[in-house]
Amino acid sequence: MDKDINYNSEITQARFQGNKLMIGDVLDIKVTGYDEIAIKPFNLNTISQINNAEVGNTSSSANLNYTVDKEGEINFPTLGKIKVSGFTVDELKTDLEERLKKYLVEPIVIINQQNQKLTFLGEFNKKGMVTYSDERLNILQAIALGGGTNENSDLTNVRLIRNIDGKDQTITLDLTDYNLSNSPYYYIQNNDILYALPNRDAQIAANKTPILSKILTYSGVLGLLFAAYNFIKN
């Protein structure tokens, strides 16, 4: 990252605002508090144990996570349907704790997002989808998960494809610019796609390859015909 660097200039990191939850996200939500009995109706593991006991089922394989439905909601014990899409994890934690104060004394909500994933395309050393657990993942850490870019990549032209309000948007990132740390796209969001485009040399080589292949093929055919002609002539 040596483009137009002023080493005397302080680099200020972009402000991390958290991942926006969306349809299909999977959340692990636990409610804790001083009264262990009072918090039980607000936790899925308690409800699962009660339901299993009622039907005589000793299996503990029940799904204890919340999946954001097509309406952008989760069905929370006692509280019912709650809109969560568009919230960050911290915002949802605050919202739930406020709702629970009607029933509990100083409730504490712990939320972990279970399905954070990132996809790599193009000139990365690793391609495909990877999962990650760190909510505060920046673009440089993300590229490390993709094994870094290979020698054919154009570091000034890496595309970030992100779903914003239900629409895919494409943002061009210059990884050689130290001001990247100030970009609103410095931090990765769940379901982001990173596409590293090939550099100019790689593009030229790719365009020449079909022509070169044809030349070699035709040269081989002509060589065989010439050899056959000489053989018959002699």
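Glutamate 73 sits across from lysine 83 in β4. The strands involved are β3 (residues 73-76) and β4 (residues 80-83), which pair in the antiparallel sense over four bridges. Pairing here takes at least two bridges found by DSSP between two strands.

Most residues other than glycine have a negative phi.

## What kind of model this is

This is a predicted model, where local features need pLDDT of at least 70 and side-chain atom pairs count only at pLDDT 80 or more, while totals for chains, interfaces and linings use all residues. Numbering runs from 1 along each chain as its sequence is written, and side-chain values use heavy atoms, with hydrogens and water left out.

The protein chain has five helices and ten strands. Of its 234 residues, 34% count as buried; buried means under 20% relative accessible area, exposed means over 50%, and partly exposed is in between (1.4 Å probe, protein chains only). Take the contacts in the chain with a separation of 6 or more: 63% of them come from residues 24 or more positions apart. A contact means heavy atoms within 4.5 Å.

## A three-stranded sheet

β2, β1 and β5 make an open sheet in the order β2-β1-β5, with antiparallel pairing. β2 (66-67) and β5 are at the edges with a single partner strand each, so one side of each has no neighbour in the sheet. As background, strands of a sheet pair through backbone hydrogen bonds, either parallel or antiparallel.

β1 and β2 are joined by two bridges in the antiparallel sense. Leucine 27 has tyrosine 66 in β2 as its bridge partner.

Lysine 30 belongs to strand β1 (residues 26-32). It counts as partly exposed because its relative accessibility is 34%. Its side chain makes a polar contact with the side chain of aspartate 28, at 2.5 Å. A polar contact is a pair of N or O atoms within 3.5 Å; within protein, one must be able to donate a hydrogen and the other to accept it, and residues adjacent in sequence count only if both atoms are side-chain atoms. Setting aside neighbours within four places in sequence, lysine 30 also contacts Asn43, Ile108, Val109 and Ile110. Asparagine 65 is 35 residues away from lysine 30 in sequence, and the C-alpha to C-alpha distance is 9.6 Å.

Asparagine 43 lies in the loop between α1 (36-39) and α2. With 6% relative accessibility, asparagine 43 counts as buried. Not counting residues up to four places away in sequence, asparagine 43 touches Ile29, Lys30 and Val31.

## The cavity

Searching the whole structure turns up one cavity of 30 Å³ or more. The largest cavity holds about 30 Å³ of space. On a 1 Å grid over the protein atoms alone, a cavity is a set of points where a 1.4 Å probe fits but cannot get out, whereas a pocket is an open set with protein on both sides within 12 Å along at least five of seven lines; lining residues have an atom within 4 Å of a point. Points are joined across faces, edges and corners, and a volume is the space filled by probe spheres set on them.

Which residues line the largest cavity? They are Asp28, Ile29, Lys30, Asn43, Leu44, Asn45 and Leu64. β1 gives the most, with three residues, and both β1 and α2 (44-55) supply at least two. By class, the lining has three nonpolar, two polar and two charged residues. Ala, Val, Leu, Ile, Met, Phe, Trp, Tyr, Cys and Pro count as nonpolar, Asp, Glu, Lys and Arg as charged, and the others, Gly among them, as polar.

## The largest pocket

The largest pocket contains about 560 Å³ of space. Its lining has 24 residues, and Gly18, Lys20, Arg162, Ile164 and Gln189 are the ones nearest its centre. Strand β8 (residues 153-164) provides the largest share of that lining, three residues.

## Two loop residues with positive phi

Glutamate 106, in the loop between α3 (89-100) and β5 (108-113), has a positive phi near 45°. Asparagine 191 has a positive phi too, near 75°; this residue is in the loop between β9 (167-173) and β10 (192-198). Asparagine 191 counts as partly exposed, because its relative accessibility is 28%.
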